[in-house]
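Good morning, and thank you for coming. Please look at the sequence and the structure while I describe the fold and then a few individual residues.

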Amino acid sequence: MQAAPFYTDAARGPDGGHAVWWTTPDGTRLRLAHWPTVADRVLGTVLLFPGRSEYAEKYGPAAAALTSAGWHVVTIDWRGQGLASRRHPDPMLGHVDDFQEYQADVAALMQFVAALGLPEPFQLLSHSMGGCIALRSLMGGLAVRSAVFSAPMWGIKLFPTVEPVAVNLASLMHRSGQGFRLTPTTSRASYVLHAGFRWNMLTRDPEMWHWMRQHLTQHPDLALGGPSLTWLHAAFNEMHALARMPSPTLAALTVIGSSERIICPRAVRKRMAQWTGGRLDIYPRCEHEVMMEVPLHRERFHSAVIEHFRQTAEMRAA
């Protein structure tokens, strides 16, 4: 494992955070990060799956809460974002050909966990696109005790009349060789740098908004713009495929905000209504980024995650 850059000044995480480079069999270089627990009693390891356009440092505060409660935390810069390899000539374009590529990244993260000798039980925490990747991993047999989903991307929020148009457009552009075009309504600039705070869809907390902007102004190599139409095509294919599959048989907590405007709350409600051992919690006046929201929501979420993981660990131990 070769050491990789890790911006501790940006992360606001616990002491001991570090990152390494890890190359997948298809030649993609990923950045994997680990925060060791700072508690006397070690409870296990949390696998943290970030969302689209995100990077390890963004989850420093979440890692601080989890490591103080007794958990190691590992996370990843998915291919095409953060400091991981960006194969498209335009580094600001978010792109994969197929969501199955992300499962190779998950396999790399698990190899990293094994190489570090991190303790079980493993718990899974994911956000947005990471929730889509996480659900596929669980259906493929990822061995974790339980899962927590923050605003999982099991659908994209579109008007019912618009969704089929978007699906067909993405498919047509992908098949015609135009899939590297930027998805309409998105920008080559990172969302937090080109959107204004007042109408943003991520958070109501100005301090957290400023913090996320500061990441990208101080470390522009972390920045990423909108997704390609091929990425959108691959995302629709994956979400539609997952929607036809039954939920895994493990305890799960899912949290979305009542003001969610990015992922599809209807798809989340449908999934959780049919998930044995699953629970859905709606946070009032909360936007998409629950872990970047106002302190009340952040603290509530961190406490709920820690309690969920503690209970599921104890249930299996008993």
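The chain contains ten helices and nine strands; helices (H or I, at least four residues) and strands (E, at least two) are DSSP runs, numbered from the N terminus. This is a predicted model, in which local features need pLDDT of at least 70 and side-chain atom pairs count only at pLDDT 80 or more, while totals for chains, interfaces and linings use all residues. Residues are numbered from 1 along each chain as its sequence is written, and side-chain values use heavy atoms, with hydrogens and water left out.

Let us turn to the overall form. A compact globule of 318 residues would have a radius of gyration near 20 Å, and the 18 Å of this chain agrees with that. The radius is taken over C-alpha atoms, and the globule rule is 2.2 Å times the number of residues to the power 0.38. Along its principal axes, the C-alpha trace spans about 55 × 45 × 40 Å. Of the 318 residues, 56% are buried; buried means under 20% relative accessible area, exposed over 50%, and partly exposed in between, with a 1.4 Å probe and protein chains only.

Where does Phe-309 lie? Phe-309 belongs to helix H10, residues 295-317. Phe-309 counts as buried because its relative accessibility is 0%. Leaving aside neighbours within four places in sequence, Phe-309 is in contact (heavy atoms within 4.5 Å) with several residues, including Val-46, Leu-66, Trp-71 and Val-148.

My next residue is Ser-190, in the loop between helix H5 (163-175) and helix H6 (191-194). Ser-190 has a relative accessible area of 5%, so Ser-190 is buried. A polar atom of its side chain lies 2.9 Å from the backbone oxygen of Leu-224. Not counting residues up to four places away in sequence, Ser-190 touches Met-92, Leu-216, Ala-223, Leu-224 and Gly-225.

The loop between H5 and H6 also holds Thr-185. Is Thr-185 buried or exposed? Thr-185 counts as exposed, because its relative accessibility is 82%.

Finally, I come to backbone geometry. Most residues other than glycine have a negative phi, and most peptide bonds are trans. Thr-185, however, has a positive phi, near 80 degrees. Arg-285, in the loop between strand E9 (278-283) and H10, also has a positive phi, near 55 degrees. The peptide bond from Glu-120 to Pro-121 is cis, with omega near 0 degrees. Pro-121 is found in the loop between helix H3 (100-116) and strand E6 (122-127).

Conventions. A polar contact is a pair of N or O atoms within 3.5 Å; within protein, one must be able to donate a hydrogen and the other to accept it, and residues adjacent in sequence count only if both atoms are side-chain atoms.
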